[in-house]
Amino acid sequence: MSEAPTDPRITVVVPTYNERENLPKLVGMLTDLQVPNLGVLVVDDGSPDGTGDVAEQLSREAAVPVSVLHRTTKDGLGRAYVAGIVRALDDGADIVVQMDADLSHPCEAIPRMVAELRTTDAAVVLGSRYVPGGAVAEDWPWHRKALSKFANLYVNAILRLKVRDATAGFKAWRASTLRTIDVASVGSNGYAFQVEMNYRVIKHGLRIAEVPIRFEERVDGTSKMSLAVQLESAAVPWRLLRSGVGR
């Protein structure tokens, strides 16, 4: 696995739906990192609260490059990420960071994640809640903590990914990895998308690294975790195992 170039072009892909309060805060935090060649790609699914308009304003005024991909159909987190990642690759990104808009992922972890990519053979780096030093928000109710832990045990028992946080949504990818796993063909949606992406990496014999993060609860807006998303997340590991996707 070749190293990313000096000062690689880093694109942070941020799907949004009704995140007009959080998005400017997130872009400000990313700006404060002062990471060279870092830009933001907002993938907005026609937010009725005007998040797309806020994103366009940020594209004109923010201190880091911000571009906006407007989608007219809200068809899930996975589809939004695929669209954004494909656009980032087409635009020449060397490293693509997946990041939620709800401020649950700590921006300050991005330099560590990028450094791990650049100095090791890792194909992708996860911001992990469950490696030593990682944590989830203290205000998470016990049943949510239990569900998250169970989901990771469940996925690893079926797919043997051998990562602590198999459902993590905060990731830094080499562009070459995303092309190798054919990200455009990933079919899962919702949070199962994260599992399928990891599975494809492992099936190609590539290495997943994890760095500890503290996962925070969102401050503004509402969670997008629906019953349909949960059901798909339960079914996808079995589908992947049967289909052999990623071989």
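**Exercise 1. In which strand is Thr16 found?** Then work out whether Thr16 is buried or exposed, and list its contacts.

*Solution.* Keep in mind that you are looking at a predicted model.

Step 1. Find the residue: Thr16 belongs to strand β1.

Step 2. Check its accessibility. A residue is called buried when its relative accessible area is under 20%. Thr16 has 3% relative accessibility, so it counts as buried.

Step 3. Look at what surrounds it. Setting aside neighbours within four places in sequence, Thr16 is in contact with Leu23, Val42, Val43, Asp44, Asp45, Ser47, Thr51 and Ala101.

**Exercise 2. Which residues of α2 are buried, and why do they line one face of the helix?**

*Solution.* Step 1. Pick out the buried residues of α2: they are Thr51, Gly52, Val54, Ala55 and Leu58.

Step 1. Look down the helix axis. The buried residues of α2 fall within an arc of 155 degrees, so they line one face.

Step 2. Asp53, Arg60 and Glu61 are exposed residues on the face of α2 turned away from its buried side.

Step 3. Ask what lies over the buried residues of α2: the cover includes β1, α1, β2 and β3.

**Exercise 3. Describe the largest nonpolar core, and follow the contacts of Ile110.**

*Solution.* Step 1. Start with the count: the largest nonpolar core has 35 residues. Leu30, Val97, Met99, Ile110 and Phe170 have the most contacts inside it.

Step 1. Find the elements that give two or more residues to this core. They are β1, α1 (22-32), β2, α2 (51-61), β3 (66-70), β4 (95-98), α4 (110-119) and β8 (208-212).

Step 2. Zoom in on Ile110. Not counting residues up to four places away in sequence, Ile110 touches Leu30, Leu33, Leu38, Val97, Met99 and Phe170.

**Exercise 4. Which strand gives the most to the lining of the second largest pocket, and how do the lining residues divide?**

*Solution.* Step 1. Get a sense of the space: the second largest pocket holds about 160 Å³.

Step 1. Look for the elements that each supply at least two lining residues: these are β1 (10-16) and β2 (38-44). β2 gives the most, with four residues.

Step 2. Sort the lining by type: six residues are nonpolar, four polar and two charged. Among the lining residues are Arg9, Ile10, Leu38, Pro65 and Asp91.

Note on methods:
Residues are numbered from 1 along each chain as its sequence is written. This is a predicted model: local features need pLDDT of at least 70, side-chain atom pairs count only at pLDDT 80 or more; totals for chains, interfaces and linings use all residues. Side-chain values use heavy atoms; hydrogens and water are left out. On a 1 Å grid over the protein atoms alone, a cavity is a set of points where a 1.4 Å probe fits but cannot get out, and a pocket is an open set with protein on both sides within 12 Å along at least five of seven lines; lining residues have an atom within 4 Å of a point. Grid points are joined across faces, edges and corners, and a volume is the space filled by probe spheres set on the points. Ala, Val, Leu, Ile, Met, Phe, Trp, Tyr, Cys and Pro count as nonpolar, Asp, Glu, Lys and Arg as charged, and the others, Gly among them, as polar. Buried means under 20% relative accessible area, exposed over 50%, partly exposed in between (1.4 Å probe, protein chains only). Contact means heavy atoms within 4.5 Å. A nonpolar core is a set of buried Ala, Val, Leu, Ile, Met, Phe, Trp, Tyr and Cys residues joined through side-chain atoms within 4.5 Å. The arc is that of the directions from the helix axis to the C-beta atoms.
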